[in-house]
Amino acid sequence: MSMRSNMKTVRISIIGFGYVGAGLAEVIRRKRADLVSTYGLDVRIVGIADLNGIFIDEQGLDEAELLKLRTGAKDWERPGGMTTLELIKELDYEVMVETTHTDVTSGQPGLTHITTALESGRHVVTSNKGPLALEYSRLTDLAAAQGCALKYEATVGGAMPLISLIRDNLAGNGVLSIQGILNGTCNYILTRMAEEGLPYEHVLKEAQELGYAEADPSSDVKGLDTAVKLVILANSVFGMNATYRDVEVTGITAITPDALKLADDAGYVIKLIGEVSREGCLKARPRLVPKDDPLNVGGTLNVATIKTDLAGDITVIGKGAGPIEAASAILADIISIYR
Amino acid sequence: MKISMDIELKDIPGQLVRALQPVSDSGGNIVSVVHQHDKKTPSGRIPVQLVVELDEQRLERLVRALTERGVRVVRTGEERLKESMVVLLIGHIVHSDLRETIDSIDRTGFAEVVALSLSMPSVDEESSASVTISAIGDQELREALHILEGTAKEKGIMVIAPI
C-alpha cells in the first residue's frame, strides 16, 4: 500500500451521538489508516452534537475521547451556548452525518437537521428513516438543487447493501419487486417462537433482555419499522411518492406457537415480510416462507430478494442492526461521495 | 363447468381451427389449448389438450360435432384441480363459522378446500388452522385466496399466505 499523493480531507459532523453516531466514531478511529491508503481520504470528525451538548474542533476531534461520552467517563459541553442548528450551518465541514432517532410522525429533529445542512450546501449521510419516509422527494430535490449528495443506505437493512446494490451493481436492470425481512427484532421473535414453541410474550421478554427489542417494541412488532423501510425503497428504487400511511401493515403480535407448528408441518416458516413491487404493491405482513427459500434466515438477520428483469433474483443477507454494522453502511456512503 | 378434453388431430394443415370451431358453435368458451405439434400418437395423429367452459348438457353434441369433422375425442372429463396452496388462519375461527369460510371457496366451482387442520388451545382462545386450497389454475388459485382474504377480513381472522 502506498500513500496517495492527492489526499483529500473530509470533515464531517455527527448529529445525534447515540449508539450509531458513536459506532461511526469508533469505525473512523479503526479505519483511519485504510481510509488514507485505499481511498485517499483523511476523514476527520470536526463536530458532534447531541441533545446533551456539542463538541467542536476544526482540526478533528479525538474519537477515543468522544467515545468516553457514551460511558459517562466524559461530560458533555456546549461551547459558547452553540445550538445544533448553528453547528450545522456555521461550522466548516463537508459532510453531515445525521444519526438522531427515527420519528415517523414528524420526522423531527432529523428533518430540520437534513434540510438545514442541504440548504447550507453540505452533503448528508443519514441512518434516520423518518425524514426519508415522510419527505423523500422534497429532500432529494433539495439535494439535487444544491448539488449535494444525500445518502441513506443505513436506513434499510443496516449493514446489508440494498439501495446502492440496486443503483450501482444492478444498474441497467429493471427491478420488478423487493421482498424481504427488514426487521431483526421480528425475525428473532418468530425464529425463537418456532424453535422453542414458546408464546409471543415470553420470547418478546427474552428479546428485550438480550437487547434485541426495545422497551417499547411496538414500532418493530406492529410492522411500522418494516413499513417505513419499504417506503424508502418504494421511493428510491421505484420512484413512488409514498409515505408509511400507504403501506398495508399487519404485525406479528397475533402469531401463536400453534400457527408456527402448523406452518412447520406444511413445510413453511412464518416471517414478517415486507414487499414492494413495480405495480405499486406496498405491504408488510406475516407470510409463509418455504423452509428452503433463501428468505428463510434465522435470528436477527435481515434478508431481501430483489427480482430483476436481467439478473433474475438476487438475494442479500446481513446484519440489520448494531452500531458497527450501521456505521459500515454510513462509512460506505461517505466514501462513495468522493469516488 | 370446466371440462378438459384430450383430442387427436390429423397431421394436415388447418386441423386445429377445424377442431375449435365447434366449441364456440356450441356456446362453449375455450379456456386453454395445449398443442404439441412435435408430439405424435402411434397412429400419426397430433394430441391436443383442450379446456373448455361448457354447459355439461351440450358436451355430447360437441363430441359428435368434433367426430363428424374427423377429430378423435379420446377423453373428456371435469377439469382436475391442478394448483394448490397452504394458507394459515389465526383468530376465532370456530366461533366465526369455519364452514362458511370454506364454502366461500367451494362455491366458486374452480377451487376447493381439500385439507384442513385445526389447532384449538381452548374454546375462548384464538385458534389456528392450516387450509389447503386447490384450484384448476394459478390464476384461479389467486382468486380463491382473494375470496378467502375477503371473508376472513369480515370475520377479523388473519390470513397468512405463502410468498
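When I say that two residues are in contact, I mean that they have heavy atoms within 4.5 Å. Hello everyone, and keep that in mind as we go.

A word on where this comes from. This is a predicted model, in which local features need pLDDT of at least 70 and side-chain atom pairs count only at pLDDT 80 or more, while totals for chains, interfaces and linings use all residues. Residues are numbered from 1 along each chain as its sequence is written, chains are lettered from A in the order in which they are written, and side-chain values use heavy atoms, with hydrogens and water left out.

Let's begin with chain B. Its domain assignment gives domain 1 (2-78) and domain 2 (83-160); such bounds come from an automatic or database assignment. Taken over C-alpha atoms, the centres of these two domains of chain B are 36 Å apart.

Now, how does chain B meet chain A? Here 16 residues of chain B are in contact with 22 residues of chain A. About 1,500 Å² is buried between the two chains, and carbon and sulfur atoms give 70% of that. Buried area is the accessible area (1.4 Å probe) that two parts lose on being put together, summed over both.

The rule finds one salt bridge across this interface, meaning a side-chain nitrogen of Lys or Arg within 4 Å of a carboxyl oxygen of Asp or Glu. R285(A) and E149(B) form it through their side chains, at 3.9 Å from N to O.

Which elements of chain B give two or more residues to the side that touches chain A? They are β5 (83-91), β6 (111-119), β7 (127-135) and β8 (158-160), and β5(B) gives the most, with four residues. Strands here are DSSP runs (E, at least two residues), numbered from the N terminus.

Let's stay with β7 of chain B, where we find T132(B). Is T132(B) buried or exposed? It is buried, because its relative accessible area is 18%, and buried means under 20%, exposed over 50%, and partly exposed in between (1.4 Å probe, protein chains only). S84(B) lies 48 residues from T132(B) in sequence, yet 6.7 Å away in space, C-alpha to C-alpha. Beyond neighbours within four places in sequence, the contacts of T132(B) include S84(B), M85(B) and E112(B).

Finally, over to chain A. H123(A) sits in strand β5 (residues 123-126) of chain A and is buried, with a relative accessible area of 19%. Leaving aside neighbours within four places in sequence, H123(A) is in contact with residues including E94(A), M96(A), C148(A) and Y338(A).
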